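Please follow the account below with the sequence and the coordinates in view.

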Amino acid sequence: MKNQPQTHEGTAGSDRVASRRTLTRDAIVASICGFVVVFMVGASYAAVPFYNWFCRATGFNGTTQVATSAPSDAPLARKIAVRFDANVGPGLPWKFEPEQNEIEVRIGEVVTVFYTVTNQAARATVGVAAYNVAPLTVGAYFQKINCFCFTEQTMGPGEKREMPVVFYVDPQLAKDSENDTLKTITLSYTFYPVRDPAPKPLAAGEQDKRRGNL
């Protein structure tokens with residue numbers, strides 16, 4: 001039996017089915033591409049805080065740690081030199097320097113040192129400090145109890161200020177065989193300008209004054 005020739009209606013119906021399949025396939029591909037774009041954008045925003053958290057948690061890239069208290073055990077007899085480095089990024093009119101370039105400390109000993117900061121501008125300026133230690137592998141053992149680098153710093157016109165750093169070198173460093181020959185640690189800070197500083201909450205008196213001016 002010979003095949004019957006396709007009618008015009010049959011050809012048109014097949015075309016419509018093929019067209020719907022093509023549109024469905026294109027919609028699925030477009031949805032997948034949109035999901036990928038959204039995922040990549042979200043991942044890029046999440047990458048920065050995740051990276052910062054990872055550095056703080058592990059000491060990666062020389063990131064120092066934050067301690068809530070001093071070591072419970074007495075300091076070790078082993079001593080190590082700690083050098084202090086100070087830098088200022090472009091656009092911030094500050095003079096920034098350590099009061100001591102280098103000190104010798106016992107591992108596990110809590111030490112307080114000071115940096116001096118002077119705002120050389122005739123206006124208030126705001127800066128925040130980035131920091132690390134060298135060698136970079138020592139970041140996990142360098143513990144800060146208090147530091148000016150934890151928050152933004154606002155300096156009035158011509159203001160000069162002493163900024164403390166309270167730290168210790170974790171005794172666990174002495175158990176790391178890779179640091180058996182370590183003699184010196186360099187603590188480095190760089191202040192950068194803050195263009196849009198975080199707003200400070202108003203005191204109750206200031207709020208009342210503003211209400212009275214309305």
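Two strands are said to pair if DSSP finds at least two bridges between them. In this predicted model, Val-82 has Ile-103 in β4 as its bridge partner. That contact belongs to the pairing of strand β2, residues 79–88, with β4, which is antiparallel and extends over five bridges.

Strand β2 also pairs with strand β10, residues 184–193, here in the parallel sense and over eight bridges. Within this pairing, Arg-83 stands opposite Thr-186 of β10. In general, the strands of a sheet pair through backbone hydrogen bonds, in either a parallel or an antiparallel manner.

How are these strands placed in the sheet as a whole? The sheet is open and mixed in its pairing, and its five strands follow the order β4-β2-β10-β6-β8. Its edges are formed by β4 (102–106) and β8 (153–155), each of which pairs on one side only. Neighbouring strands of the sheet are turned against each other by 30° on average, direction ignored.

The link is right-handed, with 130° about the S-S bond. Are its two cysteines buried or exposed? Cys-147 counts as buried because its relative accessibility is 6%, under the 20% cut-off. Cys-149 is likewise buried, with a relative accessible area of 6%.

Terms used. Residues numbered from 1 in each chain as written. Predicted model: local features only at pLDDT ≥ 70, side-chain atom pairs only at ≥ 80, totals over all residues. Heavy atoms only, no water. Helix = DSSP H or I, 4+ residues; strand = E, 2+ residues; numbered from the N terminus. Axes fitted to C-alpha atoms, helices over the stretch in contact; angles between N-to-C directions. Disulfide = S-S within 2.5 Å. Buried < 20%, exposed > 50% of the residue type's maximum accessible area, 1.4 Å probe, protein only.
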